[in-house]
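Hi everyone, thanks for coming. I have one structure to walk you through today, so let's get it on the screen.

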Amino acid sequence: MKLMEDSSSVKNDVSMDINSSDKNNLRASTSSVSNSLGNDLKYRIADSSSDSSSRRQQPVLPASQPADSANGTSPTEAGPPQRWLFSQVKGTAWEEVSEQDIISCVEFNHTGQLLATGDKGGRIVVFQRASNGLYNVYSTFTSHEPEFDYLKSLEIEEKINKIRWLPRQNAAHCLLSTNDKTVKLWRVSEKDRVMEPPEADPEGPELRLPRYAPAELVVEAAPRRVFANAHTYHINAISVNSDQETFLSADDLRVNLWHLQVITAAEFHPSHCHLFVYSSSKGSVRLCDMRQRALCDQHAAIYEEADDPANRSFFSEIISSISDVYPVHEHFRRNLCALYENDCIFDKFECCWSGDDKLVFTGSYNNLWRVFNRQQGSELTLEASRDGMSPGTELRPRRVVQSGSKAPQQNPGGLAEPVSADSLDLQKKILHLACHPGDSCLALAATNNLYMIAGA
């Protein structure tokens, strides 16, 4: 890895070239190495019947399980939730879903009051948390448009790959969004006043000033900066530094460091601005410490799982590319040929951490999602579904088993219902999810639907 100045980029652009053997997937990871792998309301955000009812009542806990607030303890003090309740769902239940409406990323802001989703149509929808705990549409705007690079004869999709919020410093909210080539800085603000022109008064003084008058509240999204022309390959990750002045953008072979105000241009440590990590398609995660060397050609630490020669196959190099931090799809090892034929083997399932760092969440196929408890070493598989769900309904555990296996697995809340791995719908998958930074609240993106799940 060599520090070099990119002549095609702006001055002071700091780049790091990575060996071409790592080309397939360099993923910027969180401190937990959790992630390597929204004009008109075309996004089709529509409240389902269950969501409409959820506006009228807040999700309640069963009588057998009192809320934490009744005991005077916060969710963190009470420990990780062992039961998960359906809260609400945003989106439609249509069988045919437009490709443009599929959610491609989900991200809470630092307080959890706002939740942003991006889709393959280049649109961003921002939801705001109401007093009853439910999320309603706050703002919708188009972030990216399809482009065409005539020099390279390359079509650039408008799909939003990542969204990252900046810490709030004034009345407005700021976020970064990126497609394959361009990162944009957006400012989302409220306006409840309009400027009125001065009234003509022939007998009055010549100098007449306009004035502001109260008006209906409008939420506006305006682009502040565009960070472009610095990546040859597709951008797959962005990360805001703890200094709130710089951020990273990473593609398959390069990590760029940008300044939010003056461009100098992967995941930074959430509190230590000198630490960041990156992962590779070879299954390794490298930690770099900028205090040790300004030229980050050597990593401070490397994390990788030793390859078992007995388990090597044609698919070993593909599935070793890091996209999460747990082996959550071990039951598909016998179906790698089928996954390869329909390109599902290249799906990248994100991971996220709970606000107290005790739980790890990730998605799977058939709209299944999984919870890993770091303290207890336990795991739980649940399903995001509309069927028979109303606010406060407890989700029943699921367990994916190989064909012919009927042995259930004991889980908190009862026996897990077995689901055959061969019967899983590979077109229904939860690739993107986000956890509220302070509460036991989870947002799951399943195709064009956004599920909100609450921990009991």
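Predicted model: local features only at pLDDT ≥ 70, side-chain atom pairs only at ≥ 80, totals over all residues.

Residues are numbered from 1 along each chain as its sequence is written, and side-chain values use heavy atoms, with hydrogens and water left out.

The chain holds four helices and 32 strands; these are DSSP runs numbered from the N terminus, helices being H or I with at least four residues and strands E with at least two. Of its 456 residues, 48% are buried, meaning under 20% relative accessible area with a 1.4 Å probe, protein chains only.

Now please find β23. Five of its five residues are buried. Leu359, Phe361 and Gly363 point one way, while Val360 and Thr362 point the other. What does β23 pair with? On one hand, β22 (residues 351-353) runs antiparallel to β23 and is joined to it by three bridges; two strands count as paired if DSSP finds at least two bridges between them. Cys352 has Phe361 as its bridge partner there. These two strands make a hairpin with five residues between them, and Asp357 in the turn has a positive phi of about 65°. On the other hand, five bridges join β23 to β24, again antiparallel, and Val360 is partnered with Phe372. That hairpin has four residues between its strands, with Asn366 in the turn at a positive phi of about 60°.

Phe361 comes back in the largest nonpolar core, a set of 21 residues in which Trp84, Phe361, Trp369, Leu395, Leu442 and Leu444 touch the most other members. A core here is a set of buried Ala, Val, Leu, Ile, Met, Phe, Trp, Tyr and Cys residues joined through side-chain atoms within 4.5 Å. Among the strands supplying at least two residues each are β4, β23 and β24. A second, separate core has 14 residues, including Phe332 and Leu368.

Last stop: an open sheet of four strands in the order β11-β12-β13-β14, with antiparallel pairing. Strands β11 and β14 stand at the edges with a single partner each, so one side of each is left without a neighbour in the sheet. Inside it, β12 and β13 pair over six bridges, and Thr178 stands opposite Val183 in β13.

Thanks, and I'm happy to take questions!

Methods: Buried < 20%, exposed > 50% of the residue type's maximum accessible area, 1.4 Å probe, protein only.
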